[in-house]
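Biologist: I am new to this structure. Could you walk me through it, feature by feature?

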Amino acid sequence: MKLLQRDMDKTNSGSVTLVPEESEDMWHAYNLVAVGDTIRSTTIRKVQTESATGSVNVSKVRTTLTVQVEGIDFDTQACVLRVSGRNISENQYVKMGAYHTVILEMNRQFTLNKQEWDSITLERIDQACDPAQHADLVAIVMQEGIAHLCLITPSMTLVRAKIETSIPRKRKGLCDQHTKGLHRFYNQIIQAFQRHVNFDIVKCVLIASPGFVKDHFTDYLFAEAMKMDDKTIIENKSKFVLVHSSSGFKHSLKEVLADPVITARLSDTKAAGEVKALDDFYTMLQTDPDRAYYGVKHCERAAENQAIEILLVSDELFRSQDISQRKRYVSLVDSVRENGGDVRIFSSLHVSGEQLGQLSGVAAILRFPMPEEEEEEDENDSDDD
Amino acid sequence: MPGVGSDKQLPASETALSTPYTAPTSYTVPTAAAVVKPTIVTPSASSVKATVGFLEKEDTVVKKQTPPVSPLPSKKPGDAGGLKLKVSVANSPRSSPKTVQQQTNVKKAEGAVGGMDVRDGDNAGREMAGSNLRSAVEMMGLEGDEGTIQSSVNSMKPVATPKSKSKASRLDVMAEYSKRHGDKELLNLVVIGHVDAGKSTLMGHLLYQLGSVNKKTMHKYEQESKKLGKSSFAFAWVLDETEEERTRGVTMDVAQTRFETDKKIVTLLDAPGHKDFIPNMITGTSQADVAVLVINATRGEFETGFDAGGQTREHALLARSLGVGQVIVAVNKMDTIDWSQERYQLITKKLGQFLTRQAGFREADVTFVPCSGLSGENLSRPPAVPELVAWYTPATTLVEQIDKLRPPVRPIDKPFRLNVSDVFTRVGSGFNVAGRVGSGFVQPGDKVIIMPAAMTATVKNVFIDDAPEAVAFAGDQVNITLSGVDMVNVNIGSCLCDPSSPTKSATRIRAKIVIFNIAVPITKGFPVVFHYQSINEPAVIKRLLSQLNRSTGEVVKRKPRCLVKNSSAVVEIELERSLCLELYTDFKDLGRFMLRSGGHTIAAGLVEEIVQSKMRQNGLS
C-alpha cells in the first residue's frame, strides 16, 4: 500500500489517500473502512440516458464518486473489497443520494475520510505501508484423503483448495485399489498446486502431514513433474520443506508455523509470532490460571489494575459495526499501551486468530496473578458465536 | 373353495402391485408400519381359506365406518403385500414371488386397508399381528393345498421390499442368531501396542500356525523380505500388505482378517502402533470387543513404550474409552531376554497397576501371556522352550487365553445401524461398503437409509469374510453391496440405518468428556479433531458447561474458564459438518467418541444430547 496524502486535524478527523498494490492491501483496506466513513474513488457506473424521442441508451461510465459507507463486503477468495452506500457528491451521471457500490481496484487510489482516526487504524496504515518485502508461503497440510492448499501472507491465510477424496482402505487382495485411490488424490493436489501456486511470489512451500504421506507425496510430485516436464516445479525444488503435522485439517497449520525449522526460514514472522503468543497464553493458563484472562470484561478489569503484560486481540473486534463496541476495544488497547503493555493484534484470517476469535477475541497474559472473581454469569453467552 | 378364495382376494394384490411401482421411493415409515398390521391380521384371524370371507367382511365394515381413503393408503397395500411375502417366502420356498398378476379391485383393497388403519394402529396391535401373521402362514403351509398356497402367495406378492422390519421376520432372525451361536462365538479382537512391539509379526505368526496362511505364501514372504534385508518382517507381511508398509516395515492402516479357534470365530484387527496413525487405530478399536495389548519385553523397549510419549498408555486408554472391557497383555519378544521370569514379573506388575488403576480395566479382565512372535513360542502350541517351561506354570497359550474371553451382548434387537468404514468397488458386484454392524441385523433385500445424505438404497448382498450370508447381526464385520444409490452419496463415515428409525445427524452436540493428561488446558474455542467410529472431523469446543467431579459426577463448577488435565466436564462441541451420531444412552457403542489435538488424545467423550442437527427431513418422505 502506498500512502499518498494524509490530512488530519487535531481531533484526528480527516482523510487519507491510499493506493493498494497487492491483494493483501485489500484486507488492510477492509480493516480500515467502517460504516459511516466516506470513501472517494474512481468507479464504473451504468448510466441510463433518455433521448428526446424516448429511446433509452445504457452506457458504462468511469467516474469518480464519493460514497457514505453503509455496507462493506470482503471476498477472501478473490481478495475483492466492495463498499456500498449513498452518493454524497453529485455529478453529471449520478444524483445525490443514489446508491452505488464501489469495488476497490488494485493500483487505483482511494480517499478515506473518517470522523475519527483511532490508534488502531493509524497503526494499520503504517503496517500496510511497510515496504519490507514479505515472503509468501504456500502450505499443503494433508493426511490420507484430505488436503488443504493454503496461501499464507503476513496477515492472511487463504485456503486456495480443499481436496477431499475417499481412498479405499487396504483390504486382502485389493491393495491396488488403495494405491490407485491414493494416486488419484495426489493428482488432484498437483492440479490444484499448479493452478494456485505462482513461484514468482512464493518463497517457500511447506508440505505437512502425519506419517509418511508428505514424503510419499513429494516423491510423487517430483516424479510427475518430470513426466509432465513441468520446469517450474523442478527448478524450485529447493523451496519445498517437509514438516510434521498431526492431521490434514486447517487448524494443524498452527503446529506447522510453530515448528522452529519453519520460523527460521520465514522472513516475516507475523503469522508464526501470533501462534507463539497464543501458545504462551495457553501455557500460562495451565501453569498459573490466575495470570491468564480471556473475555472482554475480565480483560478490562485487569487493564484497570494495570496488570496486563501482553494483550491478544483479534482484528475482527475492530470491524464491529457498533461504534461504541469498537471504541470500547480501542480504549482497552490504548490503556494497555499506556501502561507499558504489549498489544498483539491477530489477523482473524489466520488459524491462530480464528481460535482467538472463538475465545471471545480478547485474551491477556498478566504481570501478576489476579484471583478470579466469582460473579458474572451468562456473560459468555452473549459473545458466543 | 380355495379357487374362489384366491379369485376374490387377488384384487387386493393387484393394488399392491401397481401402486408402489408408480411411486416406489415415496413411502412414509410410520404409516407403512401402521398399515402393515391390519392386513396381517387378515390371515391370522382365519385360515387361508377363510381369508377371503374375512376380507369381504372387513370390506363392508370399512365401507361403513371409514370415509373415502386418500391417495396415501393406496400405497399401503404394497407395503403389506411386501411384508407378507417376506414371511411366506421364508416358510414356503416353493412359491416364487414373480408369478402371474391378477385382476384388480382397487377400491376394495383400499377400503380394507384404510379401515384397518383406523381400527388398530397401535404398537400392541403391530406385534400381535406380527406373530399372528407368522402362525397364519405356517397354517397355510399345513392346511392349504398347493393351489391355495400359490394363490395366497400371489396375493401377497412382493411389491417392494419391506420397509420396516416386522416382528415376524425378526423372530425368524432371532432363531437364526441363536442357531448360529450354537457352535462358535464371534469375537472382534484388536491388536494394539507401541510401535515395533511386534503386533503384526505376532498375529502373522499366529495366523500361520492356525493354518490361515499356507506354507507356499509364507515361503514367498520369507524370500522377498530377505531380499529387502528385512527377514524378521516375514510374518508381519501376512498383515502388512501394501508396498509402503512392507518397505518401511511399519503398519499404517488396520488390517482385518479372520481365524477360528476351538471355541471362537475371531475377526482380527491389526492396528498400527505408530503415533501418527492413531486415527486408524481408533477406527479399528471402535469396531472391537476385546484387545490384545502387545508389549515389547526387550530391555529399554518396554520402558520407552510405557513411559510418557509411548503409545502403550495411550492405546490402552483409548481402548478402554472405546468400550473394550477385556484385554490380554501379550508380553512379546521374550526370546530377546532369555525368557527371564524376573523381567516378566516386573512388566506384569507395572502394567497391571496401570491398567487396573489408571485405565479402569477390571482386574479379572486383564490377563498376561508371555510369548514370542518371531519364534512362535506359546501362541497356539504350549511352550517348548525349557527356560519358559521352567517357571511358566500352568502354561496358557495365547489362543487358549483368547478362547477364555467373553463376547459382549450384542444389541441385535435395536434398529439396524452400520457405520461405513470403507467404500470400494469390486469387479462384478458393483460398489461395496464395509463396516461393522453396530446394532440390529441386515438381510439382502432390506431397504436402508444412508445418512447423512438421506438417500435410500437396497441391500443387494451381504458378505461376511467374502462369503455371502443370508443375514448379518450386530458385531459382524460385513461387506454390503448396495443398489439404487450413487457411490458419491456414500462416504466413509456414512451410516446405513433402518428406515423406520433413522440415525440422528448432528452438527452440535452436548457431551460428557473425560480429559486425559494434557499439556495445555481446554478453553472454549479450542479446535480439536473429533474421532468417531471410522471418521475424523475437525470440531470446536464451543462452550464449557460444567466441570464434574471425576468419581461422583457431581457438578463442581458451572461455566469453568478452562478445563485442566485429568478432569471431567460437560461441554458443547460444534462439528464442521453434520455427522451421524447416536446418544450414549441409546447405543452404547455408537455414542462414544475421542477428541485429539496436536497429535495427542486429549479426551474421551460420550454423546449426551444432540443440540443441533441439519437433518434433511425431505429426504425421508
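Biologist: How many residues does the contact take from chain A and from chain B?

Modeller: First, a caution: this is a predicted model. The contact takes 47 residues from chain A and 60 residues from chain B.

Biologist: What is the area buried between chain A and chain B?

Modeller: About 4500 Å². Carbon and sulfur atoms give 48% of that area. In chain A, the residues that lose the most area to chain B are Arg169(A), Lys170(A) and Phe212(A). Together they make up 18% of what that side buries.

Biologist: Now a helix. Why should helix H3 of chain A span 32 Å?

Modeller: The expected span is 1.5 Å times one less than the number of residues. H3(A) covers residues 175–196, which is 22 residues, so it should span 32 Å. Its end C-alpha atoms are 32 Å apart, which agrees.

Biologist: Which residues of H3(A) are buried?

Modeller: Buried means under 20% relative accessible area. The buried residues of H3(A) include Cys175(A), Gln177(A) and His178(A). Gly181(A), Leu182(A), Phe185(A) and Tyr186(A) are also among them.

Biologist: On to sheets. What is the order of the strands in the open sheet of 4 strands in chain A?

Modeller: Read across the sheet: E13-E16-E14-E15, with mixed pairing. The edge strands are E13 (292–294) and E15 (342–346), each pairing on one side only. Neighbouring strands are turned by 15° against each other on average, direction ignored.

Biologist: How do E14(A) and E16(A) run, parallel or antiparallel?

Modeller: Antiparallel, with 5 bridges joining E14 (residues 308–314) to E16 (residues 362–366). Take one bridge: Val313(A) has Val362(A) as its partner in E16(A).

Biologist: Which strands does helix H8 of chain A touch?

Modeller: H8 (residues 270–287) packs on the sheet and touches E13, E14, E15 and E16 of chain A. Its direction makes about 115° with that of E15(A). Helix H11 (residues 351–358) of chain A packs on the sheet too, touching E14, E15 and E16. The direction of H11(A) makes about 100° with that of E14(A).

Biologist: Over to chain B. Why is strand E6 of chain B largely enclosed?

Modeller: Because 4 of its 5 residues, within 366–370, are buried. Strand E5 (residues 326–332) of chain B runs parallel to E6(B), joined by 5 bridges. In one of them, Ile328(B) pairs with Thr367(B).

Biologist: Through which helix does the chain cross from E5(B) to E6(B)?

Modeller: Through helix H15 (residues 341–358) of chain B. This β-α-β crossover is right-handed.

How values were computed. Residues are numbered from 1 along each chain as its sequence is written. Chains are lettered from A and ligands numbered from 1 in the order in which they are written. This is a predicted model: local features need pLDDT of at least 70, side-chain atom pairs count only at pLDDT 80 or more; totals for chains, interfaces and linings use all residues. Side-chain values use heavy atoms; hydrogens and water are left out. Helices (H or I, at least four residues) and strands (E, at least two) are DSSP runs, numbered from the N terminus. Buried means under 20% relative accessible area, exposed over 50%, partly exposed in between (1.4 Å probe, protein chains only). Two strands pair if DSSP finds at least two bridges between them. Axes are lines fitted to C-alpha atoms, for helices over the stretch in contact, and angles run from 0 to 180 degrees between N-to-C directions. Contact means heavy atoms within 4.5 Å. A crossover is right-handed if, with the strands pointing away from the viewer, the path from the first strand over the helix to the second runs clockwise. Buried area is the accessible area (1.4 Å probe) that two parts lose on being put together, summed over both.
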